[in-house]
Amino acid sequence: MELLKAKKILKRLEEAVKMVEANLKQEAEKAASSRHHSLGPWKDHADQSGSVAECSKCGAWVEVTDSSHPKDTDINGPAIVIDCGYGWKSKTRTSRDIYR
Ligand SMILES: [Zn+2]
């Protein structure tokens, strides 16, 4: 029965993580669309540290991360600071590349 209890707790934690992630993404989408970007699908980082979505019109990206990196905030990227159509050229892909 202990195992069952632990599994139930784990499931609840996973649901909580998903909810936080969904809220973050929603906020990021709101911020990007207020700058007229059209975000494509979210893609998870290979190391599970976050997800990134790119504007289908200009390529500017927005990223949600776990903030474990000292210079990261939860929501990063040119798509939340630059208006769409201002010639964003994606030389760097994520905050990991910028701050490396
Ligand atoms: Zn755009």
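Two strands count as paired if DSSP finds at least two bridges between them, and with that in mind the pairing of residues across this sheet can be followed step by step. The model is a predicted one, and in it K43 stands opposite V52, a residue of strand β2. K43 belongs to strand β1, which covers residues 43–44 and is joined to β2 by 2 bridges, the two strands running antiparallel. Between β1 and β2 lie 5 residues, and together the two strands form a hairpin. In the turn of this hairpin, Q48 has a positive phi of about 65°.

Of its 100 residues, 24% count as buried. Among the contacts with a separation of 6 or more, 40% are between residues 24 or more positions apart.

How confident is the predictor in the elements of the chain, and which has the lowest mean pLDDT? The chain averages a pLDDT of 84, and 78% of the residues score at least 70. Among the elements, helix α2, at residues 95–98, has the lowest mean, 50, whereas α1 has the highest, 94. Where pLDDT is low, the predicted coordinates should not be read in detail.

The loop between α1 and β1 holds H36, a residue that has a positive phi of about 70° although it is not a glycine. H36 is partly exposed, because 14 other C-beta atoms lie within 10 Å, while a residue needs 20 or more to be buried and 12 or fewer to be exposed.

Returning to the sheet, the 4 strands form an open sheet in the order β1-β2-β3-β4, and the pairing is antiparallel. The edge strands are β1 and β4, the latter at residues 75–76, and each of them pairs on one side only. Helix α1 packs on the sheet, where it touches β2, β3 and β4, and its direction makes about 155° with that of β3.

Strand β2, which spans residues 50–54, is mostly covered, with 4 of its 5 residues buried. On the side of β3 (residues 61–65), β2 is joined by 5 bridges in an antiparallel arrangement, and one of the pairs across this boundary is S51 with its bridge partner V64 in β3. These two strands also form a hairpin, with 6 residues between them, and in the turn G59 has a positive phi of about 85°. β3 in turn pairs with β4 in the antiparallel sense over 2 bridges, and here E63 stands opposite N76 in β4.

In soluble globular proteins, nonpolar side chains tend to be buried together. The largest nonpolar core in this model has 14 residues, and those with the most contacts inside it are A28, A32, C55, W61, V62, A79 and I80. At least two residues of this core come from each of α1 (2–33), β2 and β3, and β3 gives the most, with 3 residues. As for A28, once its neighbours within four places in sequence are left aside, this residue is in contact with V62, V64, I75 and I80.

Note on methods. Residues are numbered from 1 along each chain as its sequence is written. This is a predicted model: local features need pLDDT of at least 70, side-chain atom pairs count only at pLDDT 80 or more; totals for chains, interfaces and linings use all residues. A nonpolar core is a set of buried Ala, Val, Leu, Ile, Met, Phe, Trp, Tyr and Cys residues joined through C-beta atoms within 7 Å. Two residues are in contact if their C-beta atoms, placed from the backbone, lie within 7 Å. pLDDT is the predictor's confidence in each residue, from 0 to 100. Axes are lines fitted to C-alpha atoms, for helices over the stretch in contact, and angles run from 0 to 180 degrees between N-to-C directions.
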